[in-house]
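Work through these exercises with the model open. Each task is followed by a stepwise solution.

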Amino acid sequence: PTFYGWDHLRKHHDAILYGSSRSPSELPRGYRMQMKSFLDSLKKENQQKKKLGQVDEHEADPITMPFYVEIVKWCVRKGYIFLWVFTVLQWNCMARCCNIDGLTWNCFKVGKDSIEIKFWDTKKDKEGKKCSPKNCYGNPFNFLICTFTALACYFCIFDKKFEAGRSTIFLN
């Protein structure tokens, strides 16, 4: 049998902790201590299974281009413009959602025939010294995956968010 890696279950725990930090409700009293004990023992058990080759190290499958196109089609069909632009930016910048979420107007620059997006920092480069701009190009053949179209629709629909002179694009 093949088992999930330890990290897979740890991410679920992290999601629960994050959700509880945003919720007015408290987690059950012994949750944190019992879960820490469980995760510690699971880590040891997982290491033993890893030695036997029974751990799935590839926990996330890549998103293929056809699947990506279906995702953005669904977003547009349902009217989820925020999700559409967020997905298009994530795909075109090859970035994590936390990088896209933290974009400010200062991250955007007009290129010769592209929009240049430069992040302040990344997971591997917290100081931002090696962050190079990502060039995002228009797609005249498929508007659904076009960065320019997705951003234009988002800015037109959510234009009231930008009247107060705020610098962030997605964060409230």
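A nonpolar core is a set of buried Ala, Val, Leu, Ile, Met, Phe, Trp, Tyr and Cys residues joined through side-chain atoms within 4.5 Å. Buried means under 20% relative accessible area. The model is predicted.

**Exercise 1. Describe the largest nonpolar core.**

Step 1. Take its size: 27 residues.
Step 2. Find the residues with the most contacts inside it: Leu 89, Ile 100, Leu 103, Phe 108, Ile 117 and Phe 170.
Step 3. Trace the suppliers. Helix H3 (65-78), H4, strand S4 (114-117) and H6 each give at least two residues. H4 provides the largest share, 7 residues.
Step 4. Look for another core. One of 5 residues lies apart, and its members include Trp 6, Tyr 31, Met 35 and Leu 42.

**Exercise 2. List what Phe 108 touches, leaving out residues up to four places away in sequence.**

Step 1. Apply the contact cut-off, heavy atoms within 4.5 Å.
Step 2. Read off the partners: Leu 103, Ile 115, Glu 116, Ile 117, Leu 151 and Ile 169.

**Exercise 3. Characterise the packing of H4 against H6.**

Step 1. The axes of H4 (residues 81-93) and H6 (residues 147-157) come within 9 Å and cross at roughly 145°. The crossing is left-handed.
Step 2. Pick out the contact residues. H4 uses Ile 81, Phe 82, Trp 84, Val 85, Val 88, Leu 89 and Asn 92. H6 uses Thr 147, Thr 149, Ala 150, Leu 151, Cys 153, Tyr 154 and Ile 157.
Step 3. Sort them: 11 nonpolar, 3 polar, no charged.

**Exercise 4. Which residues form one aromatic cluster?**

Step 1. Pair rings whose centres lie within 6.5 Å. This gives 7 aromatic pairs.
Step 2. Name the cluster: Phe 82, Phe 86, Trp 105, Tyr 154, Phe 155 and Phe 158.

Note on methods:
Residues numbered from 1 in each chain as written. Predicted model: local features only at pLDDT ≥ 70, side-chain atom pairs only at ≥ 80, totals over all residues. Heavy atoms only, no water. Axes fitted to C-alpha atoms, helices over the stretch in contact; angles between N-to-C directions. Helix = DSSP H or I, 4+ residues; strand = E, 2+ residues; numbered from the N terminus. Left-handed = near helix turned anticlockwise from the far one by under 90°. Nonpolar A, V, L, I, M, F, W, Y, C, P; charged D, E, K, R; others polar. Phe/Tyr/Trp six-rings, centres within 6.5 Å; stacked < 30°, edge-to-face > 60°. Buried < 20%, exposed > 50% of the residue type's maximum accessible area, 1.4 Å probe, protein only.
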